[in-house]
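Trainee: I have a new model open and would like to go through it. Can we start with the terms and then look at the details?

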Amino acid sequence: MKVSLDEMYKGNVRKLQMSRSIKCPTCQGSGSKSGKKYTCEVCHGSGVEVKLRPLGPGMMQQIQQRCSKCSGTGSFNPPSDRCGACSGKGLVSDRKVFEVHVEPGHRHGSKVLFRGEAGADAPDVLPGDLIFVLEQKEHPTFKRIGSDLFYEKKVSLVEALTGALLHITHLDNRVLEVNSTGSIIKPDSWMAIKNEGMPIHGRPYEKGNLYIHFAVEFPDQLAPEAASALRSLLGEPAHTNGVVPMEELEEVQLTPVKDIEAEIKVRREHERRTGGQYDSDSDEEGGQRGQRVACSQQ
Ligand SMILES: [Zn+2]
Ligand SMILES: [Zn+2]
C-alpha cells in the first residue's frame with residue numbers, strides 16, 4: 001500500500017475494501033443443506049484428476065489437472081442436498097473493508113497484519129493472513145533516512161553572510177522558524193534541528209533529527225560600486241604584490257568553466273583527434289588527471 005511521508009509522520013487510518021473467498025456461513029463449508037460431506041467420485045476427494053494423453057505412437061503421457069467435476073474442491077454434493085448460498089462449493093465471495101492503521105514512525109516495508117483474513121481456496125483449509133506492506137511515496141521536499149529527515153535550502157549570498165529567516169513547513173503543517181542571524185552559512189554545509197525528524201515507531205515521544213543542507217546562490221555579476229563597497233566593509237583582500245618581482249609577472253585571463261567533467265571529455269577527444277601525443281596510454285593518464293581534479297575540488 002502506497003503511503004505518503006505525511007501519513008507515516010502523523011499516522012492515518014486507511015480504509016481498503018478487499019474481496020476474497022471465505023467459508024460459506026450458511027453450510028459451514030460443507031456445501032450441503034444437511035451438513036453432510038460428500039466426497040467427489042471422480043477424484044476421490046483429492047481434487048486432482050489423472051488423465052492419459054497420447055504423445056505419439058505407443059506413447060502416453062500422464063497429466064494431472066484440477067478435477068473438472070468438483071473444481072478441485074474434492075467434494076461434490078448431489079443437487080438435492082446442495083447449499084443454496086454457495087451453490088454447493090462451500091465457499092462464498094465476501095467483501096470486507098479493512099482499516100489499515102498507519103502509525104507514526106512506520107517505514108517503507110513496515111507490515112500491517114490481519115490474522116486469518118486472507119480468504120481461503122478450499123473450505124477445509126485454514127485461511128492465511130492478510131498483510132499490508134507499506135510503500136513510502138517520495139516526498140517533494142523531505143528525504144528520509146531511517147528516523148532522520150533531510151531538507152534542501154537555497155539561500156542568497158546576502159542571507160548566507162548576514163543571516164536568513166527560514167520557514168520550513170513540516171509534515172504536520174507546523175511552520176518551523178529558523179533564524180541564522182549571527183552565524184554564517186557556508187556553501188554545501190549542513191545544520192541540524194534536533195528532534196524534528198520522523199517519530200520513532202512505538203516510542204511516541206522520541207523523534208529523529210531534521211538536517212538542512214544549504215546551497216548558497218552567488219550573484220552572477222556584481223556592480224563595481226557594490227564591489228568597492230563590499231571591499232571597504234569586509235576589508236581589502238590580501239595582496240601578493242611585491243612578493244614576486246614585477247618583471248617576472250605575466251598577466252593571464254580566467255575563463256569560466258561550467259562543467260569540468262564535460263570539459264575534460266571534450267579536451268581528451270580533441271587531443272585524440274589532433275595528435276599522436278596521447279596514444280593508448282592516454283586512458284590511464286586521463287584517469288589520473290580526473291582524480292587530481294576531484295581532489296582539488298574538495
Ligand atoms: Zn453453503
Ligand atoms: Zn473431484
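Mentor: First a term: domain bounds here come from an automatic or database domain assignment. The model is predicted, so local features need pLDDT of at least 70 and side-chain atom pairs count only at pLDDT 80 or more, while totals for chains, interfaces and linings use all residues. Residues are numbered from 1 along each chain as its sequence is written, and side-chain values use heavy atoms, with hydrogens and water left out.

Trainee: Which domains does the assignment give?

Mentor: The assignment gives domain 1 (2-52 + 61-136) and domain 2 (142-217).

Trainee: How far apart are the C-alpha centres of domain 1 and domain 2?

Mentor: Those centres lie 48 Å apart. The contact (heavy atoms within 4.5 Å) takes 12 residues from domain 1 and 16 residues from domain 2.

Trainee: What area do domain 1 and domain 2 bury between them?

Mentor: About 1100 Å², with 60% of it on carbon and sulfur atoms. Buried area is the accessible area (1.4 Å probe) that two parts lose on being put together, summed over both.

Trainee: How many salt bridges are counted between domain 1 and domain 2?

Mentor: The count is 0. A salt bridge needs a side-chain nitrogen of Lys or Arg within 4 Å of a carboxyl oxygen of Asp or Glu.

Trainee: New topic. What coordinates the zinc ion (ligand 1)?

Mentor: The SG atoms of Cys-24, Cys-27, Cys-83 and Cys-86, at 2.2 to 2.3 Å. Donors are N, O and S atoms within 2.8 Å of the metal (3.2 Å for Na, K and Ca); water is not among the atoms, so sites may look incomplete.

Trainee: Why is the arrangement called tetrahedral?

Mentor: Because the 4 donor atoms subtend angles of 103 to 115° around the zinc ion. Four donors count as tetrahedral if all angles lie between 85 and 135 degrees.

Trainee: Where do Cys-24 and Cys-83 lie?

Mentor: Cys-24 is in the loop between strand S2 (12-23) and strand S3 (48-56), and Cys-83 in the loop between strand S4 (59-66) and strand S5 (91-102), so the pair ties together parts that are 59 residues apart in sequence. Strands (E, at least two residues) are DSSP runs, numbered from the N terminus.

Trainee: Are Cys-24 and Cys-83 buried or exposed?

Mentor: Both are buried. Buried means under 20% relative accessible area, exposed over 50%, partly exposed in between (1.4 Å probe, protein chains only).

Trainee: What about the phi of Ser-71?

Mentor: Ser-71 has a positive phi of about 55°, although it is not a glycine. Ser-71 is partly exposed, at 44% relative accessible area.

Definitions and conventions
Chains lettered and ligands numbered in written order. Tetrahedral: all angles 85-135°; square planar, octahedral: opposite > 155°, others 65-115°. Helix = DSSP H or I, 4+ residues; strand = E, 2+ residues; numbered from the N terminus.
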